[in-house]
Amino acid sequence: MAESESQEGNYDNSRMMGEDLKRDMEELLDKMEKLTVRAVWMAYNFIAIRTNPDLTNAMKHLEDAFLRCKEQMEKEWQEV
């Protein structure tokens with residue numbers, strides 16, 4: 001009987017871990033979608049400002065934003 005209770009406990013733990021994993025994955029996918037939208041807007045802005053004489057500063061801003069995005073994604077994946 002103790003073995004049956006142990007198996008039920010293991011099943012419950014596995015189910016809870018599966019639910020936690022699903023929730024975490026959904027949160028990560030949501031964050032990735034938001035970052036993707038930001039990246040698209042950055043690309044759009046880059047194209048829109050190509051005629052700007054201050055292109056060097058704009059490129060630096062785009063690069064900084066990309067590096068912050070990349071750093072945040074790496075941090076999120078390490079937490080998982």
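Modeller: We can go from the overall fold to single residues. Keep in mind that this is a predicted model.

Colleague: Fine. How many helices and strands does the chain have?

Modeller: The chain has two helices and zero strands. Helix 1 covers residues 2-48. Helix 2 covers residues 55-79.

Colleague: What share of the residues is buried?

Modeller: Of the 80 residues, 10% count as buried. The chain exposes about 7,100 Å². Carbon and sulfur atoms supply 57% of that area.

Colleague: Let's stay with helix 2. How far does it reach from its first C-alpha to its last?

Modeller: Helix 2 reaches 36 Å with its 25 residues. That is close to the 36 Å expected at 1.5 Å a residue.

Colleague: And which residues of helix 2 are buried?

Modeller: Ala58, Ala65, Cys69, Met73 and Glu76.

Colleague: What is glutamate 76 in contact with, leaving aside its neighbours within four places in sequence?

Modeller: Leu28 and Lys31. With lysine 31, glutamate 76 also forms a salt bridge. The closest N and O atoms are 3.2 Å apart. This pair links distant parts of the chain. Glutamate 76 sits in helix 2 and lysine 31 in helix 1, 45 residues apart.

Colleague: Is lysine 31 buried or partly exposed?

Modeller: Lysine 31 is partly exposed, with a relative accessible area of 37%.

Colleague: How are lysine 60 and aspartate 64 placed along helix 2?

Modeller: They are four residues apart, so about one helical turn separates them.

Colleague: Why does one turn matter?

Modeller: An α-helix has 3.6 residues a turn, so residues three or four places apart point the same way.

Colleague: How accessible are lysine 60 and aspartate 64?

Modeller: Lysine 60 is partly exposed at 46% relative accessibility. Aspartate 64 is partly exposed too, at 27%.

Colleague: Now helix 1. Which side chains meet in a salt bridge at 3.7 Å?

Modeller: Glutamate 19 and arginine 15. They are four residues apart in helix 1, so about one helical turn lies between them. Glutamate 19 counts as partly exposed at 39% relative accessibility. Arginine 15 counts as partly exposed at 40%.

Colleague: Change of topic. Which residues form a nonpolar patch on the surface?

Modeller: Leu21, Met25 and Trp77. Together they have about 300 Å² of accessible area.

Colleague: Where does tryptophan 77 lie?

Modeller: Tryptophan 77 lies in helix 2.

Colleague: And why does tryptophan 77 count as partly exposed?

Modeller: Its relative accessibility is 43%.

Notes
Residues numbered from 1 in each chain as written. Predicted model: local features only at pLDDT ≥ 70, side-chain atom pairs only at ≥ 80, totals over all residues. Heavy atoms only, no water. Patch = residues over 30% accessible without salt bridge, like charges linked within 9 Å, V, L, I, M, F, W, Y side chains within 5 Å. Areas by Shrake-Rupley, 256 points an atom, 1.4 Å probe, with all protein chains shown as cover. Salt bridge = Lys/Arg side-chain N within 4 Å of Asp/Glu carboxyl O. Buried < 20%, exposed > 50% of the residue type's maximum accessible area, 1.4 Å probe, protein only. Contact = heavy atoms within 4.5 Å. Expected span 1.5 Å × (residues − 1).
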